[in-house]
Amino acid sequence: MKTHQPLAFVPATAMILAASWIVGGSANAITLARDGQPTAAIVIRKSALAADDHRLQPGAVPTADQKVNLAARDLQEYIEKISGAKLPIVSDEDSVSGALVLVGQSRRSDTLGVEIPAGLTPDRREEGLVMLARGDVLL
């Protein structure tokens with residue numbers, strides 16, 4: 001059985017830093033931005049796109065959708081800081097052209113057949129991180 005190393009806490013910046021090397025593009029890379037313009041979209045599940053910002057509610061425990069929404073917005077913000085391009089955040093039900101950055105579990109990530117670690121494990125470790133590039137899709 002293939003297992004993933006769960007992490008106690010995976011801030012969105014970990015994914016941003018890991019993905020940031022891709023922004024410039026190369027022969028084997030997924031190009032997220034070129035000349036300050038987005039060439040990719042960030043895709044999250046529809047319910048996460050509609051989630052409200054839990055940071056506005058003091059003491060609130062964020063839902064899974066709120067965490068995905070926040071991770072997507074953090075990624076968007078840091079890619080913009082790195083490249084000058086603000087990648088759109090769209091629903092997994094939207095028709096999108098170009099490269100895709102999938103954040104969290106969605107209909108699109110399900111088609112890749114990759115297990116995304118999430119939730120509370122018996123070892124009391126929460127969440128996880130998977131990075132995978134296939135064609136013009138980055139998960």
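User: Helices (H or I, at least four residues) and strands (E, at least two) are DSSP runs, numbered from the N terminus; in which helix is the place of Leu70?

Analyst: This is a predicted model, in which local features need pLDDT of at least 70 and side-chain atom pairs count only at pLDDT 80 or more, while totals for chains, interfaces and linings use all residues. Residues are numbered from 1 along each chain as its sequence is written, and side-chain values use heavy atoms, with hydrogens and water left out. The protein chain has 4 helices and 7 strands, and the one that holds Leu70 is helix H3.

User: Is Leu70 buried or exposed?

Analyst: A residue is buried under 20% relative accessible area, exposed over 50% and partly exposed in between, using a 1.4 Å probe and protein chains only. Among the buried residues of H3 are Val68, Ala72, Leu75 and Ile79. Leu70 has a relative accessible area of 17%, and therefore it counts as buried.

User: How far does H3 reach from its first C-alpha to its last?

Analyst: Helix H3 covers residues 64-83, and it is followed by Gly84, whose phi is positive, near 85 degrees. The expected span of a helix is 1.5 Å times one less than its number of residues. For the 20 residues of H3 the expectation is 28 Å, and the model comes close to it, with a reach of 28 Å.

User: Which strands stand at the edges of the sheet?

Analyst: Strands of a sheet pair through backbone hydrogen bonds, either parallel or antiparallel, and two strands count as paired here if DSSP finds at least two bridges between them. The sheet is open and has 5 strands in the order S4-S3-S5-S7-S6, with mixed pairing. Each edge strand has a single partner strand, so one side of each is left without a neighbour in the sheet, and these strands are S4 (89-91) and S6 (133-134).

User: Which residue in S7 stands opposite Leu100?

Analyst: Strand S5 (residues 99-102) and strand S7 (residues 137-138) run parallel and are joined by 2 bridges. Within this pairing, the residue of S7 that stands opposite Leu100 is Val137.

User: At about what angle does H3 run to S3?

Analyst: Axes are lines fitted to C-alpha atoms, for helices over the stretch in contact, and angles run from 0 to 180 degrees between N-to-C directions, with contact meaning heavy atoms within 4.5 Å. H3 lies across S3 (40-44), S4 and S5, and its angle to S3 is about 165 degrees.

User: Which residue forms a salt bridge with Arg45?

Analyst: A salt bridge is a side-chain nitrogen of Lys or Arg within 4 Å of a carboxyl oxygen of Asp or Glu, and the structure holds 3 of them. Arg45 counts as buried, at 15% relative accessibility. The closest N and O atoms of its pair are 2.7 Å apart, and the partner is Asp65.

User: How many residues apart in sequence are the parts tied together by Lys46 and Glu93?

Analyst: Lys46 and Glu93 form a salt bridge whose closest N and O atoms are 3.5 Å apart. Lys46 lies in helix H2 and Glu93 in the loop between S4 and S5, so the parts that they tie together are separated in sequence by 47 residues.

User: What is the relative accessible area of Lys81?

Analyst: Lys81 forms a salt bridge with Glu77, and the two are separated by about one helical turn, being 4 residues apart in helix H3. Glu77 counts as partly exposed at 36% relative accessibility, whereas Lys81 is exposed, with a relative accessible area of 56%.
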